[in-house]
Amino acid sequence: MEKKNIAKSVYCLVLAFPGQGHINPMLQFSKLLQHEGIKVTLATTVFYCKNMLRLPPSIALGTFSDGFDNGGGLGKAKSLKHYLDTSRQVGSQTLKDLIIKKLGRSGNPVDYLIYDSFLPWVMDVAKRSGIPGAVFITHTLAVSSLYYHVNLGNIKVPITHEVSLPALPPLQPEDLPSPFFNYEEDFVALHSLAAHFSDIHKADRVLCNSLYELEKEIVDWTMKIWPKFRTIGPSIPSMFLDKRLENDEDYGAAQFTSEECMKWLEDKPKGSVVYVSFGTMVAVNEEQIEEVAYGLKDSGSYFLWVVRASEQAKLPKDFELKSEKGLVVAWCSQLKVLAHEAISCFVTHCGWNSTLESLSLGIPMIAVPQWAEQFTNAKFIADVWKVGIRAIRAAVDEKKIVTREVLKHCIWKIMESDKGIEVKRNAMQWKTLAVEAFGEGGSSHTNITEFLDGLFHLQTKCTESHIAY
């Protein structure tokens with residue numbers, strides 16, 4: 001991509017849902033836009049911004065309100081419906097104020113909006129303001145397709161049988177996002193997520209943090225429905241892909257810092273360490289944590305396990321945070337860890353960012369999904385892309401957990417068996433495809449270039465398209 005001076009007058013406002021898994025890829029895309037000459041402000045909720053450690057100096061930070069500025073957002077709302085209704089009402093007004101009062105009147109009129117698909121109300125604000133916009137999907141296109149078909153009425157809940165949909169493999173009920181099989185508890189969540197796709201065709205562009213090669217069949221099918229759809233992933237720091245952005249080794253919005261784990265990895269043999277993390281949001285129950293702890297210990301392998309400080313009280317009392325074989329930390333730079341030659345495999349909750357990072361770095365996965373779309377990601381990891389194995393859950397006291405014996409066997413399978421050799425080979429092939437997709441002339445590179453060209457063309461009509469400030 002050749003930086004074009006004409007783009008210096010184009011101003012993008014990027015709006016992210018308040019969660020690390022949403023902010024990271026949107027921030028990474030913002031850095032790429034900024035590198036190409038686009039002025040960018042990344043905005044999320046007031047409360048979340050209070051807890052963000054930093055942003056790269058080149059990216060301005062903006063805020064809008066979800067109505068819960070003093071604490072917790074969804075966690076403080078009476079219900080999910082209460083949160084969604086409040087955030088839509090308050091968010092629409094405060095976003096309008098951000099666009100008009102804080103940016104427009106300060107000499108930075110917004111030319112283009114890029115917004116998280118989890119903030120569907122932004123489209124209405126954009127249309128009323130006369131500003132073109134792109135919706136940014138932060139999960140897989142396969143998952144989006146499932147919710148799209150719910151919105152069309154093609155999937156009825158509760159699900160009791162195999163689901164067959166265009167361009168997707170046959171899916172069992174356990175392969176679907178958790179709102180499908182926790183329907184009574186997650187009724188609002190399911191229909192809210194489905195509703196995201198009611199008006200998506202009104203967006204000027206639909207961007208997805210995936211790559212064409214990874215979801216080729218569903219991308220081809222989707223582009224017949226949404227001609228403006230494009231894949232632009234993997235949206236991860238440049239030093240792990242094309243190295244286009246100098247010193248871009250992390251997302252830059254981390255809430256914590258720690259280098260202890262990197263020092264610990266230095267003297268470990270190549271391919272000897274099992275890395276374990278269940279993400280920044282999931283609260284794993286105490287029984288599951290205990291099974292993971294003893295599964296890791298019984299495996300005999302080195303292990304590095306990220307357990308948030310708030311979750312560490314759930315660890316068994318006799319389980320050491322640092323031992324001859326293992327290290328438990330509250331946070332680590334996951335990309336740097338996955339890129340380390342000592343890592344053999346990744347025991348993961350299958351969040352999309354973690355999945356993309358592992359794919360991009362050629363690391364086999366042991367899938368232990370916990371909630372939401374992670375079950376669908378696990379299906380693709382094990383059975384479609386064949387870059388990992390899925391840990392089988394057992395019914396224990398009416399709870400479904402992965403037992404220590406199952407985890408121990410999965411680790412052995414990845415590290416010692418013929419299946420492990422096959423999975424490792426597949427993982428390296430996907431790493432190559434991810435790098436090629438983002439590199440010069442690759443599928444994502446081509447789509448990003450096309451998107452940038454559209455922004456460059458805005459320059460000639462910026463004056464006409466701005467709303468009156």
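This is a predicted model: local features need pLDDT of at least 70, side-chain atom pairs count only at pLDDT 80 or more; totals for chains, interfaces and linings use all residues.
**Exercise 1.** Determine which strands stand at the edges of the open sheet of 7 strands, and why one side of each is left without a neighbour.

*Solution.* 
Step 1. Read the strand order of the open sheet, which is 3-2-1-4-5-6-7, with parallel pairing.
Step 2. Take the ends of that order: strand 3 (60–64) and strand 7 (229–231) stand at the edges.
Step 3. Each of these edge strands has a single partner strand, so one of its sides has no neighbour in the sheet.
Step 4. As to the twist, it averages 25 degrees from one strand to the next.

**Exercise 2.** Describe how strand 4 and strand 5 pair, and state which residue of strand 5 stands opposite Ile-114.

*Solution.* 
Step 1. Locate the strands: strand 4 covers residues 112–116 and strand 5 covers residues 133–137.
Step 2. Their pairing is in the parallel sense and extends over 4 bridges.
Step 3. In strand 5, the residue opposite Ile-114 is Ala-134.

**Exercise 3.** Classify the orientation of helix 3 and helix 4, and describe the residues of their contact.

*Solution.* 
Step 1. The axes of helix 3 (residues 80–104) and helix 4 (residues 122–129) come within 10 Å and cross at roughly 40 degrees.
Step 2. Angles under 35 degrees would count as roughly parallel; helix 3 and helix 4 are therefore oblique to each other.
Step 3. Their crossing is right-handed.
Step 4. Helix 3 contributes Arg-88, Ser-92, Leu-95, Lys-96 and Ile-99 to the contact, while helix 4 contributes Val-122, Asp-124, Val-125 and Arg-128.

Key
Residues are numbered from 1 along each chain as its sequence is written. Side-chain values use heavy atoms; hydrogens and water are left out. Two strands pair if DSSP finds at least two bridges between them. Helices (H or I, at least four residues) and strands (E, at least two) are DSSP runs, numbered from the N terminus. Axes are lines fitted to C-alpha atoms, for helices over the stretch in contact, and angles run from 0 to 180 degrees between N-to-C directions. Angles under 35 degrees count as roughly parallel, over 145 as roughly antiparallel, 65 to 115 as roughly perpendicular and the rest as oblique. A crossing is left-handed if the near helix is turned anticlockwise from the far one by less than a right angle, and right-handed if clockwise. Contact means heavy atoms within 4.5 Å. Ala, Val, Leu, Ile, Met, Phe, Trp, Tyr, Cys and Pro count as nonpolar, Asp, Glu, Lys and Arg as charged, and the others, Gly among them, as polar.
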